[in-house]
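I opened a structure that is new to me and kept notes as I went. Here is what I looked up, entry by entry.

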Amino acid sequence: MLLTQVVARGCIRAAAAAVRPSLSVNHWTSNAWIACSRAHTMAGRTALIVYAHQSPTSFNSAACKAAAEALEAQGCKVLISDLYAMNFEASATTKDIIGDVKDPENFKYGDEMLEAWQEGRLSKDIAEEQCKVKEADLIIFQFPLYWFSVPAIMKGWIDRVLSQGFAFSLEKMYDNGVFRDKKAMLSFSTGAMESMFLADGINGDINVTLWPLQNGVLHFCGFQVLEPQVFWSIAHTPPAIRTALLEAWRARLSGIWEEKSLSFASSTLFDLTFQGGFRMTEEVKEKLSSQPHGITTGHHIGKPLPPNNQTKADTGKTNTKSDILKS
């Protein structure tokens with residue numbers, strides 16, 4: 001019954017700063033960025049699928065293929081980063097930087113990567129992936145849920161590719177993020193059934209599980225985060241239901257560009273200064289004190305979590321300061 005409901009929901013939903021010139025040591029990087037920019041200007045919509053599963057016969061592989069086919073059928077260009085097939089390096093090290101690092105004895109990855117990005121000295125594999133991200137209008141992360149998060153190889157992609165400067169800065173994060181004109185979403189399978197990830201389930205609320213990835217990574221970089229596509233308990237799902245799930249996934253993707261994004265707290269709610277600690281303003285907290293729920297899974301301000309904040313788009317909800325103060 002549960003899986004049938006998931007399929008039904010999917011079908012109902014379907015129905016309804018420039019880089020400085022590179023050093024000669026990394027001339028390839030400069031050429032890649034130029035080619036990437038030209039491709040994005042000339043082409044239509046582009047989707048990037050960042051895919052992490054070891055087996056080409058897995059359900060995740062089938063979901064990746066279904067997504068690629070559904071998007072290509074719309075005329076989209078589809079890029080796939082098959083991380084295991086690429087032997088993508090998961091560890092963030094000095095090898096990610098071409099040439100000498102500034103302070104080898106006190107290596108600070110973020111600072112060194114920022115400088116290397118500005119100077120066009122990132123390793124070839126990172127530069128290639130950043131080119132894909134720059135070109136993409138939509139990024140789908142396809143993976144099996146490992147220990148309530150992404151597999152290590154995908155976490156390495158996040159750590160290395162979404163580097164400081166390229167993907168975020170203190171001035172460009174959240175609402176003002178670098179990728180605010182792009183969409184992103186998680187598509188993943190679980191070992192557990194859906195009821196285990198309810199608020200009273202043994203694994204805890206799936207909304208809490210997804211908060212670090214959807215808010216702390218995607219929204220932090222500015223992405224418009226779409227509802228996650230969750231394939232529950234795939235190992236215990238009969239073949240016929242698997243087929244139906246994939247068809248529902250295809251159907252959802254037929255309208256993916258029109259979907260509303262998840263709701264996050266607007267940056268206008270916070271005092272964005274070091275003196276203010278980047279905390280929610282007292283004026284906003286006082287106005288929200290009479291509300292029955294917090295405004296997001298993370299910004300619950302001591303109240304019950306807003307239902308389905310990380311799993312369902314609330315099309316009628318706005319979280320800007322002016323909206324809250326008017327309510």
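Predicted model: local features only at pLDDT ≥ 70, side-chain atom pairs only at ≥ 80, totals over all residues.

Residues are numbered from 1 along each chain as its sequence is written, and side-chain values use heavy atoms, with hydrogens and water left out.

**Entry: strands**

I took helices (H or I, at least four residues) and strands (E, at least two) as DSSP runs, numbered from the N terminus. Two strands pair if DSSP finds at least two bridges between them. I found strand 1 (residues 46–51) running parallel to strand 2 (residues 77–82), with six bridges joining them. T46 has K77 as its bridge partner in strand 2. Between these two strands the chain passes through helix 3 (residues 59–73), and this β-α-β crossover is right-handed. Right-handed here means that, with the strands pointing away from the viewer, the path from the first strand over the helix to the second runs clockwise.

Strand 1 also runs parallel to strand 3, through five bridges. There, Y51 has Q142 as its bridge partner. Q142 is in turn paired with S187 in strand 4, and seven bridges join the parallel strands 3 and 4. I noted that strand 3, helix 6 and strand 4 make another β-α-β unit, which is right-handed.

How many residues of strand 3 are buried? I count seven of seven. On one side sit L138, I140, Q142 and P144, on the other I139, F141 and F143.

**Entry: helix 7**

Helix 7 (residues 206–219) is mostly covered, with eleven of its 14 residues buried. Among them are I206, W211 and H219.

**Entry: charges**

Side chains of opposite charge can pair when their charged atoms come close. I used this rule: a side-chain nitrogen of Lys or Arg within 4 Å of a carboxyl oxygen of Asp or Glu is a salt bridge. The count comes to eleven salt bridges.

D125 and R160 meet in one of them, 2.9 Å from N to O. This pair links distant parts of the chain, as D125 is in helix 5 (residues 124–135) and R160 in helix 6, 35 residues apart. D125 is partly exposed because its relative accessible area is 25%, whereas R160 is buried at 2%.

R252 and E259 form another salt bridge, with their closest N and O atoms 2.8 Å apart. R252 is buried at 1%, and E259 is buried at 14%. I also found E69, E247 and R250 linked in a network of salt bridges.

**Entry: cysteines**

I looked for disulfides (pairs of cysteine sulfur atoms within 2.5 Å) and found zero. C76 is buried at 9% relative accessible area, and C221 is buried at 4%.

Terms used
Buried < 20%, exposed > 50% of the residue type's maximum accessible area, 1.4 Å probe, protein only.
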